[in-house]
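Work through the exercises below with the model open. Try each task before you read its solution.

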Amino acid sequence: MPRRSIWKGSFVDAFLLKMRSKRENISSRKIWSRRSSILPEFVDCFVRIYNGKTFVRCKITEGKVGHKFGEFAFARKRKPSRTDIGPGRKGKR
């Protein structure tokens, strides 16, 4: 996957740039922008990221800096494979 060019820098929404100076405002803040990059100012804060249906609570750590918010709020349900479902119709034919 191609990366964003270096001279442009990482993308962060304007309202997140305003929030980063006020640390008390960041904790447990709702974020709709899944495409924004995580900045080092957000480390050790809890944010709630919108996945399209609900808000998923996420703690920002140093390892998540540089990634996108959307990577940590899954938008799709995990569909279990047939083997995970358990005993069922196999012997009832």
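The exercises go from the whole chain to single residues.

This is a predicted model, in which local features need pLDDT of at least 70, side-chain atom pairs count only at pLDDT 80 or more, and totals for chains, interfaces and linings use all residues. Residues are numbered from 1 along each chain as its sequence is written, and side-chain values use heavy atoms, with hydrogens and water left out.

**Exercise 1. Confidence and layout**

Find out which element has the lowest mean pLDDT and which the highest.

Solution. Start with the term: pLDDT is the predictor's confidence in each residue, from 0 to 100. The chain has a mean pLDDT of 79, and 75% of its residues reach 70 or more. Next, list the elements. Helices (H or I, at least four residues) and strands (E, at least two) are DSSP runs, numbered from the N terminus. There are three helices and three strands, in the order α-α-β-β-β-α from the N terminus on. Now compare. Helix H2 (residues 23–26) has the lowest mean, 58. Strand S3 (residues 55–59) has the highest, 90. Where pLDDT is low, the predicted coordinates should not be read in detail.

**Exercise 2. The core**

Identify the residues that touch the most other members of the largest nonpolar core.

Solution. Of the 93 residues, 25% count as buried. A nonpolar core is a set of buried Ala, Val, Leu, Ile, Met, Phe, Trp, Tyr and Cys residues joined through side-chain atoms within 4.5 Å. The largest one has 13 residues. Leu16, Phe42, Val47, Ile49, Ile60 and Phe69 touch the most other members. Helix H1 (14–19) and strand S2 (46–50) are the elements that give two or more residues to this core.

Then zoom in on Ile60. Contact means heavy atoms within 4.5 Å. Leaving out residues up to four places away in sequence, Ile60 touches Ile38, Phe42, Val43, Asp44, Cys45, Val47 and Phe69.

**Exercise 3. Aromatic pairs**

Classify the ring pair of Phe42 and Phe69: stacked, edge-to-face or tilted?

Solution. Rings of Phe, Tyr and Trp (its six-membered ring) pair if their centres lie within 6.5 Å; planes under 30 degrees apart count as stacked, over 60 as edge-to-face and the rest as tilted. The whole structure holds four such pairs. For Phe42 and Phe69, the centres are 6.0 Å apart and the planes are at 50°, so the pair is tilted. The pair links distant parts of the chain, 27 residues apart. Phe42 lies in the loop between strand S1 (29–31) and S2, and Phe69 in the loop between S3 and helix H3 (82–85). Both Phe42 and Phe69 are buried.

Tyr50 is partly exposed at 25% relative accessible area, and Phe55 is partly exposed at 22%. Together with Trp32, Tyr50 and Phe55 form one aromatic cluster.

**Exercise 4. Asp44**

Decide whether Asp44 is buried or exposed.

Solution. Locate Asp44 in the loop between S1 and S2. Read off its relative accessible area: 53%. Asp44 is therefore exposed. Check its backbone as well: phi is positive, about 65°, although Asp44 is not a glycine.

Methods:
Buried means under 20% relative accessible area, exposed over 50%, partly exposed in between (1.4 Å probe, protein chains only).
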